[in-house]
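Thanks for asking me to look this one over. Here are my notes, as numbered points you can follow with the model open beside you.

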Amino acid sequence: MKRSYRLSTALDVDDLLMECVPYAVRLANEKYKFDPPLTIYEVDRWGKLGTRADVIFEFMDDPAFFRTQPVIQGAREFVQKLSQMTEVFISTAVWPAYLTLRFQRILEEFPEIPQDHILLGARKDKIDVDILFDDGMHNVFRSNAAYPILMRRPWNQEATGMLAVNNYDEFLKLVEVISGSYNVKPEELSLNQPSIIVLVGPSGSGKNDIAKGLLEKRDCFEKLVSYTTDEGAVSRPEQSYRHVSLEEFRKMCDDGDIFESTTYGRHAYGSRKSDVEKILGSGKHVLTVMDICGAMAMKTHFPNVVTIYVKRDKKDLLTALLEKDAPTPDKVNRILAIEAETKNAHICDYTVNFDSCENAVAQICEKLHLK
């Protein structure tokens, strides 16, 4: 059902609409001739890190930097499309001395946005909007928006469980899903042609057990193998991973081989578009387990994608999570992410309850009309 009112969205500026860190990195390389060159991957947390990457802040304290920040490729078209879907606001924080410069650049580069929709200040938690889109983890964590969404960048890879996207197209697809203009209706669902089934849910919800159960009971599915920088993940029999080095993973992302990626416990995970196409080409349905970021990437890149949220009693969820063979900090992050991840049920096509693997598999077969 479509909403009867127009959604509102607040957009960040730095590294969402205009280059900030990449631009500062380029300026630093030009000035200091770093060998090897400084890269944005060295900015793996926000703020000064006590490394050579700290030099980027030198450039961010210069009016010329804000006067010449490049607009990110595709940002203007993105704002134009989003303005047709929601009411768009800008929420941006810069030093007080640069507020006028920032205001003028926004007016010049994004004329679709009314002047009174440009909000200057750091307290983004005080903005009353439906959707916040930002690359700052702290802004997303503190936001009171109904749907705070993170733009994945090297400095926010530790974020777990929250709504996150890798690019503008994924964000626009997510807005479609939130608005109710894109959803799967039972009467429209058909697996007569190869489709993609994505199981979503918190860590410990039983997603991998359900996937295993579906594969054992139905030969129409094939599990999608993902790629990860976590060597330990490859040895887990209930999951399907191929290990690659961090350098290999980044290259696959940069080359477009990896179309969706996420991070858990500082380890990267992602899927290749060619692997999905190979399974679909064989006539089978793709079965995969992903976070909501991966699920939205799937909906962006492929038709016939069905997302199923796996809901589990919190006590059982915590028990399963604590029993996992994982480092304590990893478990803590996953526990902290549970509340955020439960909200994802509202934007999935279906929800199934995990009281037992057999019952959950039966629920999915019923929803997908598999007898």
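1. Thr228 lies in strand S9, residues 226-228; helices (H or I, at least four residues) and strands (E, at least two) are DSSP runs, numbered from the N terminus. Thr228 counts as buried because its relative accessibility is 0%. Buried means under 20% relative accessible area, exposed over 50%, and partly exposed in between (1.4 Å probe, protein chains only). A polar atom of the Thr228 side chain lies 2.9 Å from the backbone oxygen of Ala268.

2. Before going further, a word on what you are looking at. This is a predicted model, in which local features need pLDDT of at least 70 and side-chain atom pairs count only at pLDDT 80 or more, while totals for chains, interfaces and linings use all residues. Residues are numbered from 1 along each chain as its sequence is written, and side-chain values use heavy atoms, with hydrogens and water left out.

3. Next, please find Ser261 in strand S11, residues 258-264. Ser261 counts as buried, with 16% relative accessibility. Which residues does Ser261 touch, not counting those up to four places away in sequence? They are Asn166, Phe249, Cys253, Tyr269, Gly270 and Cys293, where contact means heavy atoms within 4.5 Å.

4. Now the sheets. Six strands, in the order S3-S2-S1-S4-S5-S6, form an open sheet with parallel pairing; two strands pair if DSSP finds at least two bridges between them. Strand S3 (118-120) and strand S6 (163-165) are the edge strands, each pairing on one side only. On average, neighbouring strands of this sheet are turned by 25° against each other, direction ignored. Angles run from 0 to 180 degrees between N-to-C directions, and axes are lines fitted to C-alpha atoms, for helices over the stretch in contact.

5. Within that sheet, strand S1 (residues 8-11) and strand S2 (residues 87-92) run parallel and are joined by 4 bridges. Ala10 stands opposite Phe89 in S2. Helix H5 (residues 99-109) packs on the sheet and touches S2 and S3, its direction making about 160° with that of S3. H7 lies across S1, strand S4 (131-134), strand S5 (147-151) and S6, and runs at about 165° to S5.

6. H7 has a helix partner as well. The axes of helix H4 (residues 75-85) and helix H7 (residues 168-179) come within 11 Å and cross at roughly 5°. That makes H4 roughly parallel to H7, a label for angles under 35 degrees; over 145 is roughly antiparallel, 65 to 115 roughly perpendicular and the rest oblique. From H4, Ala75, Phe78, Lys81, Leu82 and Met85 meet Tyr168, Phe171, Leu172, Val175 and Glu176 in H7. By class, this contact of H4 with H7 has 8 nonpolar, no polar and 2 charged residues. Here Ala, Val, Leu, Ile, Met, Phe, Trp, Tyr, Cys and Pro count as nonpolar, Asp, Glu, Lys and Arg as charged, and the others, Gly among them, as polar.

7. Another open sheet has 5 strands in the order S8-S13-S7-S14-S15, again with parallel pairing. Strand S8 (221-223) and S15 stand at its edges, each with a single partner strand, so one side of each is left without a neighbour in the sheet. The twist averages 30° from one strand to the next.

8. S7 (residues 196-200) and S14 pair in the parallel sense over 5 bridges, with Ile196 opposite Val305 and Val198 opposite Thr307. S7 also runs parallel to S13, joined by 4 bridges, and Leu199 stands opposite Val289 in S13.

9. Strand S15 (residues 350-353) has a covered face, Tyr350 and Val352, and an uncovered one, Thr351 and Asn353. Strand S14 (residues 305-311) runs parallel to S15, with 4 bridges joining them. Tyr309 stands opposite Thr351 in S15.

10. Finally, have a look at Leu318 in helix H13, residues 314-322. Leu318 is partly exposed, with a relative accessible area of 26%. Leaving aside neighbours within four places in sequence, Leu318 is in contact with Ile335 and Ile338. The C-alpha atoms of Leu318 and Ile335 are separated by 7.3 Å, and the two residues are 17 residues apart along the chain.

Definitions and conventions
A polar contact is a pair of N or O atoms within 3.5 Å; within protein, one must be able to donate a hydrogen and the other to accept it, and residues adjacent in sequence count only if both atoms are side-chain atoms.
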